[in-house]
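Keep the 3D view open as you read.

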Amino acid sequence: MATTGLKKRLGLVDLTLLGIGSMIGSGWLYAALNSSGYAGANTGWAWILGAIIVLLIGLVYAELASAIPRAGGFVRYPNYSHGNIVGFVIGVSSLLAYTSTAGVEVEAVRQYAMYWWPALGNADGGPTGLGFAVQIGLLVVFFLLNYWSVSFFGRVNTIITTFKFIVPLLAIVTLLMYFHAPNLDVPPPPPGGAHGVFTSLTGAGIVFAYLGFRQAVDFASEAKNPQRNVPLAIGIAIAVSFVIYIALQYAFMGAVPANLLSQHGWDGLKQVFQSPYADLARSLGITWLINLILIDAVISPAGTGNIYLAGASRVLFAWARNGHLFKVFGEVDAKSGVPRGALWLSLLLAIAWTLPSEFQVWGGLIGAVTSATVFTYMPGPVTLGAFRRHLPDMKRPFRLPLSAILSPLAFVASTLLIYWSGWSVNEILIPILIIAWVGYAIFGKKNAQFARDLGCAWWLLIYYVVVLILSALGTFGGNGAISAPLDMILVVVASLVCYFWGVKASLNVPEITEEEDENALAGGKVSDKYVSE
């Protein structure tokens, strides 16, 4: 038996642990080493900047999710504010982002497991046939953990997240005992400086490490009192993760043996430390920490992969509810409260991401996944601006302060993250999104709203084209025809133009479909003015 309603079973602690459990995954196992190779001791600024940017984006979605709690809200909100073309294209970026993340996490599990079981990988770190089988097997386990019920999923996540707290904290305390301050004076390789900080945000996995805040939004329809708990869960998860990550970063950098650092430099350590924290513990002779980290290196990414597979199913569920997938993917099993059709599709797509590709090793995947995810977040500030303009009386349990400033700033920050991902990532992802836009405009349903939806979507196509051109000509992997900082100034200007264009081009009467929460809008009652069946 299937239904369309999700069950409200997740409290504040559950939502917060979903966020923290998503953040403390493979990111902490690799980001400290990778970011040191880009920015050296300046990498602390990257963690701070990353937290600020993600918090800005998170606060935008806190307002949207507290006012209109929806499963897979990142996909639903653009459809409400700008119609089917924008909703479809953002759905494509969400599809890429969510289904790939589970694949990234099982890749991290396999890479660390090679420490015990070398047959899982090749000399370059890529998976062997056995390695692929292990990765797929892990995804099937995640699928089964999610299949039975939301409550069972929540209990498993709470247990795993508790363990995921303990190991990083023990690593921090232990490595600080070996802290060698002169390590922080060793410069990173050129270009370093601000360029290194910006590059490390996406290329080293720093922003990726923070992206788990989105789980509170994706599970908003299954949350108890989402108007209060979603914004709180976002803020708490980002704050706790920031403290853990910044401590891990400097504990790692300070504990690297001076002889290794002088011989290889920060960038060269990537060739020495295949499993960064385990190899660092080995170089320091801390046997018990090696084993503990290797255990956590399986549990931590596996726990995150489990959450993201569940999140991917909610996004596919939302895409189906938008009318862009078969209806079976928008149905919920009545007994378990799980969108099982969407969960099956999430499993198949996640497996596809583990198949051979040029991005197969964790470090190669991370920039592409981060950029795809930020493409999903990017329209949120535009939707918030549209709702503030057209629905001034909407009941907003959480209101973004100074939204006239912070909302466009969040859009600019998202665009900069996309730009900093570099040309090698953008030349692949942005054409896919352009093709999705053009394809839907040509082959999409030509109903009575098609011309209206097309008019609401031009800003998004121009945005993609402009960012693609600037990325090709800029200094982050482009040909350098536009030098720094002019390239970033142009990115900021272009994003502001597209932001205000996007807000102005939005639907005069947003089409907010009625869901299980019927108290989202003004006066605690869904108005026919805002709701479409």
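This is a predicted model: local features need pLDDT of at least 70, side-chain atom pairs count only at pLDDT 80 or more; totals for chains, interfaces and linings use all residues.

Searching the whole structure turns up 20 aromatic pairs, while the count of disulfides comes out at zero.

**One ring pair up close**
- A pair of aromatic rings is described by how far apart the centres are and by the angle of the planes.
- Take F252 and F273: their centres are 6.4 Å apart and their planes are at 80°, making the pair edge-to-face.
- F252 belongs to helix α11 (residues 226-255), whereas F273 is in the loop between α12 (258-272) and α13 (276-284).
- The two residues are 21 apart in sequence, so this pair ties together separate parts of the chain.
- Is F252 buried or exposed? With 0% relative accessibility, F252 is buried, because the cut-off for buried is under 20%.
- F273 is buried too, at a relative accessible area of 2%.

**A cluster of rings**
- Which residues do ring pairs link into a cluster? They are F375, F411, Y463, Y464, Y499 and F500.

**A charge over a ring**
- Look at Y38 next: the charged end of K270 sits over the Y38 ring, 4.5 Å from the ring's centre.

**Cysteines**
- How many disulfides does a search of the whole structure find? The search comes back with zero.
- C456 counts as buried, with 5% relative accessibility.
- C498 is also buried, and its relative accessible area is 4%.

Definitions and conventions: Residues are numbered from 1 along each chain as its sequence is written. Side-chain values use heavy atoms; hydrogens and water are left out. Rings of Phe, Tyr and Trp (its six-membered ring) pair if their centres lie within 6.5 Å; planes under 30 degrees apart count as stacked, over 60 as edge-to-face and the rest as tilted. Helices (H or I, at least four residues) and strands (E, at least two) are DSSP runs, numbered from the N terminus. Buried means under 20% relative accessible area, exposed over 50%, partly exposed in between (1.4 Å probe, protein chains only). A charge sits over a ring if NZ of Lys or CZ of Arg is within 6 Å of the ring centre and within 35 degrees of the ring normal. A disulfide is a pair of cysteine sulfur atoms within 2.5 Å.
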